[in-house]
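Thanks for coming. I will go through one model this morning, starting with how its chains meet and then going inside them.

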Amino acid sequence: MATEPLAEQPGLAGPAAWELEAEREHVHGLGPWRLGLRRLRRNKTAIAFGILFVLLVLACLAAPLWAKHVAHTTPDANHLSDTIKLNGKTTNVVGLDGVPIGPTYKGKFFLGADPNGRDIMVRLLYGGRNSLMIGVVAALMTTVLSVVLGVVAGYFRGWLDLAVRSLLDIMWSFPVLILGVALGVALALGGLQIGPITIGGDSLIIPIFIIGLVYVPYMARPVRGQVLALREKEFVEAARAQGAGPLRIMFSEVVPNLASTILVFFTLLIANAVLLESALSFLGAGVRPPNPSWGTMIDEGVDRIATAPHLTVVPGLMLVLTVLSLNVFGDGVRDALDPRAKVRLER
Amino acid sequence: MGRFIVRRVLQMVLVMFAVSVLTFLIFNVIPNSDPAVRMAGRHTSESTIQAIRKEWGFNESLPKQYVTTMEKVVTGDLKSQFTQLPVGKEIVKGLPRTFSLAIGAALLWMFVAICFGLYSAVKAGKFADRFLTIIALIGISMPVFWIGALMNYYLGFKLGWFPNGGYVEFTKDPIGWFYHLILPWTALAILFVGFYSRVLRSNVLDTINEDYVRTARAKGLSERQIMVRHVLRNSMIPIVTLWGLDFGAVLGGGAILTETVFDLQGVGQYTAEAIGQLDVPPVLAVTMFSAFFIVLLNAVVDIMYAYLDPRIRLQ
Amino acid sequence: MGKLGRRALVLLLAGLSMSVIAACGGGDDSGDSGTGGSGGEAKNGGSITMSQTSQPDFMDPALTYTVNGIEPLWLVYTPLLTYPRTGDAEKDSLVVPGLAEDMPTISKDGKTYELTLRKGLKYSDGSPVKASDFEHALKRVLNLESGGSAFFLGIVGAQDYIDAGKCDGDIKGVVTDDKTGKITISLSDPDGSFTNVLAMWFVGLVPGDTPCKNLTENPPPGVGPYKVTESVPNRQFVLEKNANFPDLGPDIPAGHIDKMTTKIIKNPQRQAQDVISGELDYMQDPPPADIKPEVKAKYSDRYREITTASTYYMFMNNRVAPFDKKEVREAVNIGLDKPALARLFAGEVAPGCSFLPPGQPGFDEALDVADCPWGDPNKPPDIEKARQMIKDAGVAGTDVTVYGNNDDPSDKVTEAYADQLTKLGFKAKPKILDGGVYFQTIGSAKVAPQTGFANWFQDFPHPKNFFFLVDGKSIQPTNNQNFGNVDDPEITKGIAELNKEPKMTDEVAARWGELNKKLVERAWIVPYGHRKLATFLSERMDFDNCSRFHPVYFNDYSSFCLK
């Protein structure tokens with residue numbers, strides 16, 4: 001398992017552990033891929049959770065369909081004074097004392113409403129789109145940055161390596177959650193203007209940017225470690241002897257050999273990014289209302305946990321299922337691609 | 001060793017400088033709002049705002065403001081813009097609470113993770129291992145504020161088994177202190193238990209196959225003796241170092257979410273409130289304090305690592 | 001949770017204090033209007049535990065400007081003038097002599113106020129009260145850049161004193177004589193609300209040697225039924241009975257409970273749960289929407305809601321499209337779904353469309369509800385008509401950013417308002433800011449907000465305290481409180497004239513009422529209701545006999561007693 005708790009949220013302990021993992025990863029040609037696939041296919045649990053994740057993503061992608069054809073509403077539409085027919089009885093969507101309707105398990109308000117009379121199911125699906133989008137894009141950003149930094153540092157060594165390592169050390173020593181929240185809150189006031197680019201205070205770019213940066217040291221360090229080992233390998237030597245430039249070697253020889261590490265990290269990064277997004281949103285520094293995300297939905301729900309517990313429970317469950325499916329699948333992929341997993345199992 | 005210390009001290013200074021500059025910039029450059037106006041409150045006059053500007057030096061250039069603020073950090077004169085209370089005193093007031101949360105949760109997660117991890121490794125591949133693996137992964141996948149809020153409401157209020165949040169001072173009522181912290185400890189520990197038990201499991205599996213363990217087995221030591229004396233001790237090294245780092249992070253105000261959900265009013269919650277009010281001095285102090293702790297514990301961990309595992313030499 | 005230290009009410013930073021409507025009733029759930037005045041059987045003694053959601057901004061009379069600080073501190077620091085505590089809402093909103101012997105003698109031109117200090121008064125620490133202490137208390141307000149200083153700038157020399165920046169400087173317009181106890185105050189212009197201003201907690205008397213600094217951690221002695229004996233910011237503060245409290249007449253009584261410990265508990269749900277279980281005896285905020293259904297159902301014998309002198313409204317920026325058009329503002333007034341917004345307050349708002357709230361002189365109940373020019377505020381609006389008007393004005397499809405803060409339920413109200421504007425034909429998007437910076441942000445001309453959430457709780461029962469929010473003269477580039485830049489020449493002129501009236505006669509009140517009517521009819525803003533506050537006590541408290549609700553300062557701690 002290569003995810004660690006970031007203080008308390010998407011947790012983290014320290015790059016030490018990830019480096020440990022990386023040490024264990026083996027360096028070899030493309031051969032193990034097929035082997036890995038075969039091993040993965042045998043891991044029924046991992047496959048099942050992988051499928052679950054795909055289903056969750058598809059469901060969230062289908063949000064507009066559900067909203068339009070089943071719930072007949074939009075994620076932001078309030079239904080404060082509306083009533084619906086339930087078992088022949090006319091019921092307020094939101095009671096006079098502000099208590100919203102619970103799950104109806106029918107097309108409209110399938111999972112009930114929030115205090116604004118908005119359809120929870122619709123918001124859940126749209127919120128999932130936001131949460132997953134942030135997760136994937138942030139993970140992508142982290143991966144690209146980490147690979148570039150890690151490869152450059154590991155390949156060139158010397159002062160470049162020292163500079164990158166110091167940068168990572170500094171980033172890693174930052175109280176990330178505090179600074180992330182501070183940045184989110186400050187930006188929410190008026191957005192940011194850098195030259196001709198204006199970022200609105202409610203832009204999703206802000207949480208993506210924060211999350212994308214936070215995890216860079218966690219991935220860049222192990223990548224660097226692997227590159228250090230790789231650059232001494234025969235095939236790199238061979239390429240160098242043939243006169244290939246550093247750029248060519250890096251991208252055609254070194255990076256492909258990092259593929260399995262990158263794949264595993266990417267999966268787990270999405271899981272952690274989704275969790276961190278929910279934490280930022282819960283603290284009011286992530287996705288801005290009325291945009292839904294699972295984190296903001298939990299945040300809004302906690303205020304009504306006694307009268308409408310479904311507002312807290314449902315988005316939380318979606319979040320747990322998504323992150324869990326990614327974690328189990330990522331774990332399975334890692335085991336499958338790590339040839340020593342077999343060794344480890346025998347006693 | 002001397003060079004190591006020098007490097008770490010340099011790193012610490014550098015990090016704290018970077019953190020303070022960044023915090024300062026975040027709050028002074030980005031928000032589209034004037035701190036003097038924020039401080040004056042809603043019903044006020046232009047002359048009051050001018051007076052505040054003068055007294056707090058908001059008219060000065062940014063670098064000068066930064067230097068003045070840092071002077072106050074050093075002399076301990078830093079005051080909140082919002083409440084005008086000394087920041088240092090408020091942090092010290094929150095520390096026992098944050099420390100209580102951190103130490104209890106850290107011991108709990110360590111203990112449970114060792115049990116889970118060992119058992120899982122011993123039963124590797126069997127049902128119990130798979131079951132514990134899934135449990136661990138579920139733990140890692142749960143947002144602490146979500147499980148915390150659910151525990152607080154259902155166990156704390158609905159069933160009334162535990163207090164519904166809050167904190168009691170240890171010196172006043174040790175039993176109440178313990179009782180109030182059970183839920184926060186558990187909520188915070190769940191996450192780490194999952195992660196630590198996974199790391200321990202794979203470490204144990206690696207160690208079991210080492211030569212010296214085979215030798216020990218060949219010598220005819222009992223399975224129990226081998227586990228405790230050889231396998232566990234060696235597998236614990238990375239875990240202990242991780243533990244140090246995480247403990248430092250939580251202590252440095254990293255437990256914002258847990259403190260907020262359970263209303264513990266420690267350093268984390270204090271920071272969260274200050275951030276919301278764009279109150280620069282407290283956030284500046286806490287981020288620096290936090291960075292200090294992280295770098296410090298990082299160094300301690302590195303030293304410990306080298307000490308425990310002679311194969312690694314400090315660069 | 002979340003949103004970084006949430007306040008349950010928007011009271012923070014807003015001017016506060018409220019007023020029970022004398023003729024209250026209305027939609028209140030418990031018919032009686034907070035006049036659970038103490039009968040003869042109020043028990044003395046005992047100690048209780050209370051809670052607040054946020055730490056008082058300051059535990060210093062010169063500085064505090066939130067209800068968290070005012071509610072306890074007005075019982076510790078009595079000013080020269082004050083409000084009675086009898087339980088009769090109408091009587092309690094009229095200023096009476098506090099530490100002064102009598103009401104001030106006001107000169108013919110309305111610019112000079114003369115008062116005399118009562119003889120033989122002592123602070124809670126036993127030291128004697130001197131006339132010059134008034135000037136010192138005022139100096140602290142001005143020198144400490146208090147949020148209250150704006151009220152006293154009409155005093156001659158106040159501005160010069162602030163500019164000098166010296167605590168021991170002199171305020172030209174205040175002359176005191178310690179021997180005779182005479183205090184003379186000169187104003188540069190007549191101010192009809194000045195007796196109300198003199199009754200504000202800011203100028204509650206403190207000893208003349210009280211330093212000019214924030215004394216939150218060590219509040220100075222005062223003259224009042226209680227004294228502060230402990231104050232640990234963000235944790236708790238303790239009020240104990242003041243043995244040196246002088247007899248100020250039957251309308252300004254001493255307290256019953258000996259010791260009141262107020263804890264800061266950030267989670268309002270937890271406070272309500274603790275009052276239910278008896279761990280707490282009183283919570284300063286109303287029980288949150290989440291727990292209220294249970295409280296109302298099971299504990300209605302110790303729960304009461306009272307409408308306060310407050311107004312919740314949406315401001316519309318008259319200087320920014322599309323709200324620079326009168327028809328558009330009218331359409332929003334017609335189309336705003338007020339009962340829907342009331343649901344977001346869990347019923348804690350009495351829908352109405354008058355800007356002046358009940359309890360203020362000049363308030364007209366008919367205008368508020370029955371004769372509201374924009375339709376009955378308790379019924380769903382005519383959305384079609386409003387839609388059509390917006391279409392006709394040619395602004396359908398305009399982008400509108402709706403500002404709001406994150407205090408529960410303002411954030412939800414803002415989101416609902418944005419959605420309603422969308423239904424009226426705009427493309428509206430809410431923008432939610434932290435409560436701690438909200439009003440300062442929307443008061444900036446640079447931000448130029450189009451429309452958004454606003455509210456005001458009275459500082460004292462005088463319309464001046466409301467009309468500065470819509471006074472063309474109070475528009476300024478920063479820290480603007482006239483968020484919508486309302487500048488109706490007739491209203492602005494009327495405010496200037498009425499501010500000078502020294503006495504609140506029926507005729508003056510009626511003229512304020514006229515201004516209010518014009519404001520509402522000309523659709524300058526969209527008022528939608530008046531906030532209700534609650535009293536919720538523990539089982540062991542004597543709710544029926546001992547829970548006075550004060551029209552200006554809310555729950556009156558000095559009325560509390562145990563069963």
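First a definition: two residues are in contact if their C-beta atoms, placed from the backbone, lie within 7 Å. Before I use it, note that this is a predicted model, where local features need pLDDT of at least 70, side-chain atom pairs count only at pLDDT 80 or more, and totals for chains, interfaces and linings use all residues. Residues are numbered from 1 along each chain as its sequence is written, and chains are lettered from A and ligands numbered from 1 in the order in which they are written.

Now the contact between chains A and B. Chain A puts in 52 residues and chain B puts in 65 residues. I will speak of helices and strands throughout; these are DSSP runs, H or I of at least four residues for helices and E of at least two for strands, numbered from the N terminus. On the chain A side, the helices that each supply at least two residues include H1 (15–24), H6 (158–173), H7 (176–190) and H12 (259–282). The largest share, 11 residues, comes from H7(A). By class, this side of chain A has 36 nonpolar, 10 polar and 6 charged residues. For those classes, Ala, Val, Leu, Ile, Met, Phe, Trp, Tyr, Cys and Pro count as nonpolar, Asp, Glu, Lys and Arg as charged, and the others, Gly among them, as polar.

Chain A also touches chain C: 30 residues of chain A are in contact with 32 residues of chain C. Here H7 and H13 of chain A each supply at least two residues, and H7(A) gives the most, with 3 residues. This side of chain A divides into 16 nonpolar, 7 polar and 7 charged residues.

Next, chain A on its own. Chain A has 15 helices and 4 strands. Of its 347 residues, 57% count as buried, meaning that 20 or more other C-beta atoms lie within 10 Å of the residue's own; with 12 or fewer a residue is exposed, and in between it is partly exposed, with C-beta atoms placed from the backbone. Of the chain A contacts between residues at least 6 apart in sequence, 71% join residues at least 24 apart.

Take helix H11 of chain A, residues 246–257. Its 12 residues should span 16 Å at 1.5 Å a residue, and its end C-alpha atoms are 16 Å apart, so the two agree; the expected span is 1.5 Å times one less than the number of residues. Which residues of H11(A) are buried? They are Ile249(A), Met250(A) and Val254(A). These residues cover an arc of only 95 degrees around the axis, so they sit on the same side of H11(A); the arc is that of the directions from the helix axis to the C-beta atoms. The cover over the buried residues of H11(A) includes helices H5 (120–156), H9 (216–230) and H10 (234–241) of chain A. On the face turned away from the buried side are the exposed residues Leu247(A), Phe251(A), Ser252(A) and Pro256(A).

One residue from elsewhere in chain A. Met297(A) is in helix H13, and counts as buried because it has 28 C-beta neighbours inside 10 Å. Apart from neighbours within four places in sequence, Met297(A) contacts Arg123(A), Gly127(A), Pro292(A) and Pro315(A). The C-alpha atoms of Met297(A) and Leu247(A) are separated by 46 Å, and the two residues are 50 apart along the chain.

On to chain B. Chain B has 13 helices and 0 strands. Its C-alpha atoms fill a box of roughly 85 × 55 × 35 Å along the principal axes. Of the 315 residues of chain B, 52% count as buried. Helix H1 of chain B, residues 2–28, has 27 residues and reaches 39 Å from its first C-alpha to its last, close to the 39 Å expected. Its buried residues are Val15(B), Val19(B), Thr23(B), Phe24(B), Ile26(B) and Phe27(B).

Last, chain C. There, 4 strands form an open antiparallel sheet in the order S5-S6-S8-S7, where two strands pair if DSSP finds at least two bridges between them. S5 (105–106) and S7 (174–177) of chain C stand at the edges with a single partner strand each, so one side of each has no neighbour in the sheet. Strands S6 (residues 112–116) and S8 (residues 182–186) of chain C are joined by 5 bridges. One of the bridge pairs is Tyr113(C) with Ile185(C) in S8(C).
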